[in-house]
Amino acid sequence: MDEMKWVIRDGWTMSRRSFKHILRNPDALFLSIGLPVVLMLMFVFVFGGAINTGTEYINYVVPGVIITCVGYASSMTAGSVAQDMVGGLFERFRSMPLRPSSLLVGHVIGSFVRNGIGAVIVLVVALLIGFEPNAEFWDWTGIIGYLSLFLLAISWLAVVFGLIAKSVESASAFTFFIMFLPYVSSAFVPTETMPKWLHSFAEHQPMTPLIETLRGFLTGTPIGNSAYLTLLWFGSLLILSIIMATIIFKRKKQE
Amino acid sequence: MNDAIISVKDLKKFYGSQKVLDGINFEVERGQIFALLGENGAGKTTTIRILSTLIRPDEGIAMIDGLDTSREANEVRKRISLTGQYATVDELLTGEENLQMMGHLNHLNRSTVKKRTATLLRQFDLLDAAKKQAKSYSGGMRRRLDIALGLLANPKVIFLDEPTTGLDPRSRLNMWTLIQELAKNGTTIFLTTQYLEEADQLADKIALIHNGKIVVEGTATELKKMIGEEKLVLQFQSPANLMKAHNLLDGQLNHASNSLILTAKDSTEDLRNTLNTLHEQDMMPIDIYFRKPTLEDVFMEITSHKQEGEVKYG
Ligand SMILES: Nc1ncnc2c1ncn2[C@@H]1O[C@H](COP(=O)(O)OP(=O)(O)OP(=O)(O)O)[C@@H](O)[C@H]1O
Ligand SMILES: [Mg+2]
């Protein structure tokens with residue numbers, strides 16, 4: 001019981017550290033918000049006219065932009081974890097009587113806050129340029145729930161990459177990978193318009209059900225079994241990542 | 001029973017086929033300053049990493065305060081603090097915030113954290129920089145903050161891996177004073193260094209590690225006896241002058257550099273007498289300097305002893 005109390009307190013100490021990092025490294029925050037916003041403006045005003053989605057394009061694209069934003073900001077966790085590994089801070093922490101989970105939790109909670117800020121700003125900009133969601137209270141609850149699951153899963157996966165990366169630079173490769181995934185999903189264009197081989201990848205990769213679920217909640221398009229697929233994909237990714245992160249952290253201890 | 005707080009028995013560590021530690025033994029008494037002296041790659045950091053529970057030895061045991069560092073790691077961690085070879089401060093936080101964070105992670109209560117932070121900032125001369133981000137700190141300040149971070153928990157044993165490497169001479173002297181003050185409070189200090197002089201100045205006991213083996217162990221005085229005093233080196237223009245000087249003064253010849261090596265007697269009076277003796281014969285060395293005995297001197301001494309030993313028994 002006492003043990004649990006300290007894990008929570010240490011997690012809180014480490015989270016406060018992450019909040020300070022967000023405030024003192026505004027570049028990262030701006031990048032993770034600015035990039036998706038620019039992307040949204042570009043797709044809506046530049047390519048939007050040429051893309052036929054059967055609806056107002058802005059209503060089609062916003063869910064994808066939010067996912068890109070959240071995915072990108074979450075994957076940045078890989079860099080900050082790698083920084084602590086390479087910089088030797090974790091080495092010092094490991095020589096202290098601390099639970100490793102509380103150290104990692106700090107990074108994930110920091111990611112949560114960074115994402116919260118990012119997603120809200122992206123949504124506000126979307127509303128300003130004409131996005132018209134028709135989500136009710138329970139839809140918003142669903143949106144927050146699914147987005148949280150997604151960001152937790154990606155953040156923990158980022159922790160895994162941060163732990164095994166040899167440098168901060170190589171950890172950021174992960175960020176690019178996550179950044180890239182929404183493009184080959186139904187985020188920006190309907191998957192039917194893609195070449196056959198790409199189409200079947202796009203159709204079956206986890207981003208597509210997630211985006212369809214979000215789109216359903218936001219604009220009322222049919223969700224079908226996307227919600228279950230999302231739960232399955234990101235739920236198992238989350239569990240696997242947490243297990244892997246813990247194992248790797250322990251392994252590093254005994255090398 | 002002896003009062004050893006650290007005791008290491010037959011410690012071995014391999015990385016692949018490389019034998020990094022090859023059967024290390026030593027003991028450190030409570031309240032001592034112990035220096036592990038060695039060149040790059042000798043195995044200093046590896047030894048510290050084993051003692052501070054970061055890695056496990058392949059063979060042998062390391063005990064701290066009667067606890068096994070691999071089997072009772074968590075108990076050991078409550079008694080130690082580690083300041084690694086490379087500063088591990090959080091660059092984006094201020095000095096004060098770094099200390100506070102470490103205080104909270106050491107599970108001190110709020111008011112203790114406040115008090116300890118203030119004390120440490122003063123003690124480590126960081127008051128002016130307390131509210132500045134650590135990334136703006138100089139190497140010396142960073143190192144001081146780094147060591148201060150290890151002191152929040154009031155550890156029984158402090159590990160300092162090369163605490164003065166990269167510091168300028170003045171910061172190095174300050175660091176020595178700080179370390180000596182820490183030891184006055186009864187804390188045991190285990191430090192590593194590449195400098196013989198540093199070990200000599202600071203440590204109650206020195207162990208010299210070379211290629212993963214402890215080659216000598218003893219007090220600074222014992223080690224000094226082995227390597228002798230500071231040297232005075234006189235260099236001459238020609239071998240003829242060198243031989244002439246050798247007849248006048250008692251010293252060791254170094255033909256390669258045309259110089260005569262005398263034992264320095266630590267007085268200017270002695271230096272003047274030496275030069276006068278030469279002057280009376282109309283001779284002047286082209287270069288004169290004092291030289292501290294170095295790690296190489298120690299190795300030379302040890303290897304020459306070993307060779308003598310071989311001759312004796314061979
Ligand atoms: N994780 C590792 N994997 C492989 N080899 C290692 C590892 N850690 C250390 N070594 C090797 O072990 C030897 C001793 O390293 P160690 O870091 O203990 O030396 P050191 O005395 O601290 O040197 P320095 O003064 O450069 O810090 C070196 O040859 C090093 O290359
Ligand atoms: Mg080292």
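A residue is called buried when its relative accessible area is under 20%, exposed when that area is over 50%, and partly exposed in between, as judged with a 1.4 Å probe on protein chains only. This is a predicted model, in which local features need pLDDT of at least 70 and side-chain atom pairs count only at pLDDT 80 or more, while totals for chains, interfaces and linings use all residues. Residues are numbered from 1 along each chain as its sequence is written, chains are lettered from A in the order in which they are written, and side-chain values use heavy atoms, with hydrogens and water left out.

Side chains of opposite charge can pair when their charged atoms come close. With a salt bridge taken as a side-chain nitrogen of Lys or Arg within 4 Å of a carboxyl oxygen of Asp or Glu, the count over all chains is 24. Three of these pairs are set out here.

| Salt bridge | Closest N and O atoms |
|---|---|
| Glu97(B) and Lys20(A) | 3.9 Å |
| Asp68(B) and Arg71(B) | 3.3 Å |

Because Glu97(B) lies in helix H3 (residues 95-105) of chain B and Lys20(A) in helix H1 (residues 2-24) of chain A, their pair joins two chains; helices here are DSSP runs of H or I with at least four residues, and strands are runs of E with at least two, numbered from the N terminus. Glu97(B) is buried at 14%, whereas Lys20(A) is partly exposed at 28%.

Within chain B, Lys213(B) in strand E10 (residues 213-218) and Asp22(B) in strand E2 (residues 18-29) are 191 residues apart. Lys213(B) is partly exposed at 43%, and Asp22(B) is buried at 16%.
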